[in-house]
Amino acid sequence: MVRGDPPDAQALVAGDDRVLVARFLGRRDEPAFRALYDRHTGFLYRFLMRLTGRGADAEEGVQETWIRACRGLDRFQWKSALPTWLAGIAVGWWREEIRRRGRVGEISGESDAPSAAPIRSEIDRIDLERALAGLALGYREAILLHDVYGHTHGEIAQILGVDEGTSKSQLSRARRALRARLAGRPA
């Protein structure tokens, strides 16, 4: 914070999401939106990159998620954390894209994973990313949301619009399928 900043400038830097959302909704405050965007876009991009497997799709998904979030932010009820709600929007967008692209044949199996011969840990990471990318969408969503991003089954159920028990069974099946893929067996 620079000397002479408005007294509430710190709220934009350190404030919680509720403060920033209230400022954005109340005044269409651009600095508040920018703080929200900066705070959550990295997570959204990483999540969508793993979900879609392609940087271009992840970038498109981030933008579409923020557009949809801005349109619906006034209806957000804070029953979950803002990143959980954003992840739900991102998942919904990707499901729509798969349906839309599937009809016009635009789904590509190509990934943005590097093709050069990296060191062993990089090879393991790439193998894991490819194995994740090869899982059914519901399995990939469950593993990413739970094991990578640490969401609870309750949060996952809310994001995906399923029962908590379904989240648990999807995760169990997803882990089994991922282990099979990594071992070179059919999932």
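Start by selecting helix H8 and helix H9 (residues 164-182), which pack at an angle of about 100° with their axes 8 Å apart. Axes here are lines fitted to C-alpha atoms, for helices over the stretch in contact, and angles run from 0 to 180 degrees between N-to-C directions. The two helices, H8 and H9, are therefore roughly perpendicular to each other (the term covers 65 to 115 degrees). Show side chains at the crossing: His153, Gly154, Ile156 and Ala157 of H8 meet Glu164, Ser167, Lys168 and Leu171 of H9. Contact means heavy atoms within 4.5 Å.

This is a predicted model, in which local features need pLDDT of at least 70 and side-chain atom pairs count only at pLDDT 80 or more, while totals for chains, interfaces and linings use all residues. Residues are numbered from 1 along each chain as its sequence is written, and side-chain values use heavy atoms, with hydrogens and water left out.

Stay on H8 and color its buried residues: His153, Ile156, Ala157, Ile159 and Leu160. Buried means under 20% relative accessible area, with a 1.4 Å probe and protein chains only. These residues lie on the same side of H8, because they cover an arc of only 165° around the axis; the arc is that of the directions from the helix axis to the C-beta atoms.

Next, step back to His151, in the loop between helix H7 (137-148) and helix H8 (153-160). His151 counts as buried, at 8% relative accessibility. Its side chain makes a polar contact of 3.4 Å with that of Thr84; such a contact is a pair of N or O atoms within 3.5 Å, one able to donate a hydrogen and the other to accept it. Beyond four places in sequence, His151 also touches other residues, including Phe43, Leu145 and Ile159.

Now zoom out to the whole chain. The chain has nine helices and zero strands, where helices are DSSP runs (H or I) of at least four residues and strands are runs (E) of at least two, numbered from the N terminus. Of its 187 residues, 37% are buried.

Finally, color by pLDDT, the predictor's confidence in each residue from 0 to 100. The chain mean is 82, and 78% of residues reach 70 or more. Confidence is highest in helix H4 (residues 55-72), at a mean of 96, and lowest in helix H1 (residues 9-14), at 45. Residues 104-119 have pLDDT below 50, yet this stretch has 20 contacts in the model beyond near neighbours in sequence. Where pLDDT is low, the predicted coordinates should not be read in detail.

Notes: Buried < 20%, exposed > 50% of the residue type's maximum accessible area, 1.4 Å probe, protein only. Parallel < 35°, antiparallel > 145°, perpendicular 65-115°, else oblique.
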